[in-house]
Amino acid sequence: VYISHLLFFFFLFLKPETAAVLKRTVEALMERGAIVRNLENLGERSLPYKISKHKERHRRGGYFLIDLEGPPSIVSTMMDHLGRDIDVIRRAFIKHPVSKTEECSGIIPDDGEDKLTAKK
């Protein structure tokens, strides 16, 4: 079965000056066929460990979570594209867990007949 679009969470750790890089990232996602459903700023904070990227050592970064829907091919192209962006410290795609909806079968009536006729 071919799936045309999947749901993803896209995590970004960016340098503290983030407005321009965030705009570039969202535009690049949309150019590649993604539908951005939500963008959440998780704030600036200390990174869990020092990260060396593009000849710089980073201790702090802005954390962002982008909820998107897009073709599976978007993952490799965006990882490659953002790997070259000097303002991106770390990036990661995570496949969104799709919740399965189960149809409720309703309340099954119990007449209690079996409890009345049970032998002791």
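**Terms and their grounds**

Modeller: Let us begin with aspartate 80, which is partly exposed, its relative accessible area being 45%. The model is a predicted one.

Biologist: What makes the pair of arginine 84 and aspartate 80 a salt bridge?

Modeller: The closest N and O atoms of arginine 84 and aspartate 80 are 2.9 Å apart. A salt bridge requires a side-chain nitrogen of Lys or Arg within 4 Å of a carboxyl oxygen of Asp or Glu, so this pair qualifies. Arginine 84 itself counts as exposed, because its relative accessibility of 55% is over 50%.

Biologist: How many salt bridges does the structure hold?

Modeller: There are four salt bridges in the structure. One of them joins arginine 24 to aspartate 85, with the closest N and O atoms 3.0 Å apart. Arginine 24 belongs to helix α1 and aspartate 85 to the loop between α2 and β4, so this pair ties together parts 61 residues apart in sequence.

Biologist: Why does aspartate 85 count as buried?

Modeller: Aspartate 85 has a relative accessibility of 11%, and buried means under 20%; aspartate 85 therefore counts as buried. Arginine 24, by contrast, has a relative accessible area of 37% and is partly exposed.

Biologist: Which other aspartate forms a salt bridge with arginine 24?

Modeller: Arginine 24 also forms a salt bridge with aspartate 87, the closest N and O atoms being 3.1 Å apart. This pair likewise links distant parts of the chain, since aspartate 87 is in the loop between α2 and β4, 63 residues from arginine 24 in helix α1.

Biologist: What joins Arg24, Asp85 and Asp87 into one network?

Modeller: Salt bridges that share partners join Arg24, Asp85 and Asp87.

Biologist: How is the secondary structure of the chain made up?

Modeller: The chain has three helices and four strands, in the order β-α-β-β-α-β-α along the sequence. Of its 120 residues, 32% count as buried.

Biologist: Which residues of the largest nonpolar core touch the most other members?

Modeller: This core has 17 residues, and those touching the most other members are Phe10, Leu12, Leu29, Ile66, Leu68, Met78 and Phe93. At least two core residues come from each of β1 (6–14), α1, β3 (56–70), α2 (74–83) and β4 (88–95). The largest share, five residues, is supplied by α1. In soluble globular proteins, nonpolar side chains tend to be buried together.

Biologist: With which residues is phenylalanine 93 in contact, beyond its neighbours within four places in sequence?

Modeller: Among them are Phe8, Phe9, Phe10, Leu29, Leu68 and Ile74.

Biologist: Where does glycine 33 lie, and why is glycine 33 called partly exposed?

Modeller: Glycine 33 is in the loop between α1 (19–31) and β2 (35–53). Its relative accessible area is 34%, a value between the limits of 20% and 50%, so glycine 33 is partly exposed. The C-alpha atoms of glycine 33 and isoleucine 74 are separated by 7.8 Å, although the two residues are 41 residues apart along the chain.

Notes:
Residues numbered from 1 in each chain as written. Predicted model: local features only at pLDDT ≥ 70, side-chain atom pairs only at ≥ 80, totals over all residues. Heavy atoms only, no water. Buried < 20%, exposed > 50% of the residue type's maximum accessible area, 1.4 Å probe, protein only. Core = buried A, V, L, I, M, F, W, Y, C linked by side-chain atoms within 4.5 Å. Contact = heavy atoms within 4.5 Å.
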